[in-house]
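Here is a short tour of one protein chain, from its overall form down to a few side chains. Please keep the sequence and the 3D view at hand as you read.

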Amino acid sequence: MGALMGGGVGLTIGFIFGSYSILRGGAGPRGLLATLSQYMLSSAATFSFFLAIGSVIRNDSFLPPYIEAARLQMLPPIVHARAEGAALIHARWASERQKIRVQA
């Protein structure tokens, strides 16, 4: 999926930058179509390569996505009581006050 999306984005970006380059500097000895297609294909190959790698890294898990989603839904929520959160904040404030006193 990442390779397909990268190919589409790369073709579009290659067309935009290739057209601009051709308009600005001319098509060159190979002609208009060959120059534009070279820009588009090289851009598409680059984008699809990197997006394919990114999608593999992101989806690198042992479980299929639907089982992973079900597993995450079955986990108990991590919710702390308000008093527990306030105690953590007060402890952090006290440690910061102590650091300031030590520095002064």
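## A walk along the chain

Let us begin with residues 39-57, a span that is 100% helix and 0% strand, with its end C-alpha atoms 27 Å apart. Please keep in mind that the model is predicted. Residues 6-27 are 91% helix and 0% strand, and here the end C-alpha atoms lie 26 Å apart.

**Overall form**

Stepping back, the chain has four helices and zero strands. Read along the sequence, this gives the pattern α-α-α-α. The radius of gyration is 27 Å, well over the 13 Å that the globule rule gives for 104 residues, so the chain is more spread out than a compact globule. If you turn the model to its principal axes, the C-alpha trace spans about 75 × 50 × 20 Å.

How much of the chain is buried? Buried residues make up 12% of the 104 residues. The chain exposes about 8900 Å², and carbon and sulfur atoms supply 69% of that area. As for contacts with a separation of 6 or more, 68% of them are accounted for by residues 24 or more positions apart.

**An aromatic pair**

Now zoom in on the rings. The structure holds one aromatic pair. F49 and F50 form this pair, which is edge-to-face, with 5.3 Å centre to centre and 70° between the planes. The angle counts as edge-to-face because it is over 60 degrees. The two residues fall into separate accessibility classes: F49 is partly exposed at 49% relative accessibility, whereas F50 is exposed at 53%. The cut-off behind this is that exposed means over 50% relative accessible area.

Which side chains meet in a salt bridge? They are those of E68 and R71, with 2.7 Å from N to O. The count for the structure comes to one salt bridge. Side chains of opposite charge can pair when their charged atoms come close. E68 and R71 are three residues apart in helix α3 (residues 65-74), so they are separated by about one helical turn. E68 is partly exposed, with a relative accessible area of 23%, and R71 is partly exposed as well, at 39%.

I57 has its place in helix α2 (residues 32-58). Its relative accessible area of 61% makes I57 exposed. From I57 to A70 there are 13 residues in sequence and 21 Å in space, C-alpha to C-alpha.

M74 is found in helix α3. At 71% relative accessibility, M74 counts as exposed. M74 and F62 are twelve residues apart in sequence, and their C-alpha atoms are 18 Å apart in space.

| Residue | Relative accessible area | Class |
|---|---|---|
| F49 | 49% | partly exposed |
| F50 | 53% | exposed |
| I57 | 61% | exposed |
| E68 | 23% | partly exposed |
| R71 | 39% | partly exposed |
| M74 | 71% | exposed |

Definitions and conventions. Residues are numbered from 1 along each chain as its sequence is written. This is a predicted model: local features need pLDDT of at least 70, side-chain atom pairs count only at pLDDT 80 or more; totals for chains, interfaces and linings use all residues. Side-chain values use heavy atoms; hydrogens and water are left out. Helices (H or I, at least four residues) and strands (E, at least two) are DSSP runs, numbered from the N terminus. Rings of Phe, Tyr and Trp (its six-membered ring) pair if their centres lie within 6.5 Å; planes under 30 degrees apart count as stacked, over 60 as edge-to-face and the rest as tilted. Buried means under 20% relative accessible area, exposed over 50%, partly exposed in between (1.4 Å probe, protein chains only). The radius of gyration is taken over C-alpha atoms; the globule rule is 2.2 Å times the number of residues to the power 0.38. Contact means heavy atoms within 4.5 Å. Accessible areas come from the Shrake-Rupley method with a 1.4 Å probe; for residues, only the protein chains shown count as cover. A salt bridge is a side-chain nitrogen of Lys or Arg within 4 Å of a carboxyl oxygen of Asp or Glu.
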